[in-house]
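Trainee: I am new to this structure. Can we walk through it together?

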Amino acid sequence: MNTDLHSNAEQSAPSHEEPAPLDSYELYWRDRRGMLEDRGYMLRPRYCDQGAKEGRVKTTPIDPPLYEHYSVKRPVRTNIMDATRISDGKLVMIKAGSTKAEEFKTILRLSTPELRADPRNPCVPMLDHFVDIYDDQISYIVTPFFRRFDDPPFQTFQEILDCIDALLNVCSTDCARENIVIDAAALYPQGFHPAQLDMLPDLSGPAPILKRSQAPCRYYFFDYEQSLYIPVEVSPKIAPCWFGWDSDIPEVEFRGRPYDPFKADVWLLGRVIRREFCCEWSGLEFSYSWALLMTNDDPALRPDAAGCLATWKDMCSKISLRRCCARARLRYNDRPTTESRVQDLLSYMRALRQCAIDMLRPSYI
């Protein structure tokens, strides 16, 4: 997969006559196929006995339905497996972990109906939770299938602004870029394959895709392995030490001394905004100094989360509608062409038309 949940590297099969062998982590999931089916989740044919037999059929070129037996994406996190929910065909992720893990406790705590209804809740929606029938020390959580936050790529400048805005409106305890994901199911009306993200589920061709502005999509923080729970009544709210993804964060140098986890979030988000947005996409130069302030080595000199959001809202209020409608452009090797300028103008005119319609629409509708 081309997400940080999965790497881009492919394992090449030795020939078209034999499928790529199952890796050790795949064997783990294959051995639990029956348990997962009983729970209502179907693994891909690659992990089913019948699928493995079909994969050995000689074919040149490889038939699309058999392609996944030969092209395998090795995930970074081998405790995660994709599956299909049998009841409705929904693509999901199943994550294995310790039954006593703080991550599972946190997700369960944030998945109560009251907190799930809060739009500021950044926790991935939990669809199911169950214990391994072979080892009660292992549990599983089931969530929608997620992709990296910038996959598929942004198509308009407004989509970039919306993504940053969504990240600033929520918080985590380890909001590094590896943990920021998007539920992109609505962007793919015909679905997509979980191991070949740009292909249809049956691998018969490219998957049609909508713009993010055309379909509802939401960003989440995926990993809560380093999470901690601080009750509302506890003050000051500090964490014992840093064990997150990003080892460059200044709090690492505290060497076990308590730190403010909320200011750590500000640093992490500032780093994501600076590296993944300001340095990658054209038009965000206005926010670079603000992102640098968020990543100040001294936590006391960083703005708090509310201050970051207020500054961002103020900066965005000064961006013209025409700029928002423009095509998202990479900072390097993506110069505007005559065609792209025409497309930007047409998008701007459509936006103006929609604004006029909204202004003329009666308030009671």
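Predicted model: local features only at pLDDT ≥ 70, side-chain atom pairs only at ≥ 80, totals over all residues.

Trainee: How many helices and strands does the protein have?
Mentor: Helices (H or I, at least four residues) and strands (E, at least two) are DSSP runs, numbered from the N terminus. On that basis the protein has 11 helices and 10 strands.

Trainee: What percentage of the protein's residues count as buried?
Mentor: Buried means under 20% relative accessible area, exposed means over 50%, and partly exposed lies in between (1.4 Å probe, protein chains only). Of 365 residues, the buried part is 45%.

Trainee: Among contacts between residues at least 6 apart in sequence, what percentage join residues at least 24 apart?
Mentor: Contact means heavy atoms within 4.5 Å. Of the contacts between residues at least 6 apart, the share joining residues at least 24 apart is 68%.

Trainee: What is the strand order in the open sheet of five strands?
Mentor: Two strands pair if DSSP finds at least two bridges between them. Pairing in this sheet is antiparallel, and the order is β2-β4-β5-β7-β6. β2 (41-42) and β6 each have a single partner strand, so one side of each is left without a neighbour in the sheet. The edges are therefore β2 and β6.

Trainee: How many bridges join β5 to β7?
Mentor: These two strands run antiparallel. Ile 94 stands opposite Val 142 in β7. The number of bridges joining β5 to β7 is seven.

Trainee: Which helix packs on that sheet, touching β5, β6 and β7?
Mentor: Its direction makes about 130 degrees with that of β5. Angles run from 0 to 180 degrees between N-to-C directions, and axes are lines fitted to C-alpha atoms, for helices over the stretch in contact. The helix spans residues 102-110 and is α4.

Trainee: Which residues does Gly 97 touch, not counting those up to four places away in sequence?
Mentor: Gly 97 sits in strand β5 (residues 91-98). Its C-alpha atom is 9.7 Å from that of Val 131, 34 residues apart along the chain. The residues touched by Gly 97 are Phe 104, Gln 137, Ile 138 and Ser 139.

Trainee: Is Asp 135 buried, partly exposed or exposed?
Mentor: Asp 135 is in the loop between β6 (128-131) and β7 (138-144). Its relative accessibility is 30%, so Asp 135 counts as partly exposed.

Trainee: Which strands are at the edges of the sheet of three strands?
Mentor: This open sheet has the order β8-β9-β10, with antiparallel pairing. An edge strand here pairs on one side only. The edge strands are β8 (147-148) and β10 (218-221).

Trainee: Which residue in β10 is the bridge partner of Val 181?
Mentor: Four bridges join β9 (residues 180-183) to β10, and the two run antiparallel. In β10, the partner of Val 181 is Tyr 220.

Trainee: Which helix lies across β9 and β10?
Mentor: This helix runs at about 40 degrees to β10. It covers residues 157-168 and is α6.

Trainee: How are α6 and α7 directed relative to each other?
Mentor: α6 and α7 (residues 261-278) pack at an angle of about 170 degrees, with axes 11 Å apart. Angles under 35 degrees count as roughly parallel, over 145 as roughly antiparallel, 65 to 115 as roughly perpendicular and the rest as oblique. The two helices are therefore roughly antiparallel.

Trainee: Which residues in α7 meet α6?
Mentor: From α6 come Ile 160, Cys 163, Ile 164, Leu 167 and Leu 168. In α7 they meet Leu 269, Ile 273 and Phe 277.

Trainee: Is Thr 156 buried or exposed?
Mentor: Thr 156 is in the loop between β8 and α6. It touches residues including Cys 324 and Arg 327. Its relative accessible area is 11%, so Thr 156 is buried.

Trainee: Is the peptide bond from Asp 151 to Pro 152 cis or trans?
Mentor: Pro 152 lies in the loop between β8 and α6. Omega is near 10 degrees, and the bond is cis.

Conventions: Residues numbered from 1 in each chain as written. Heavy atoms only, no water.
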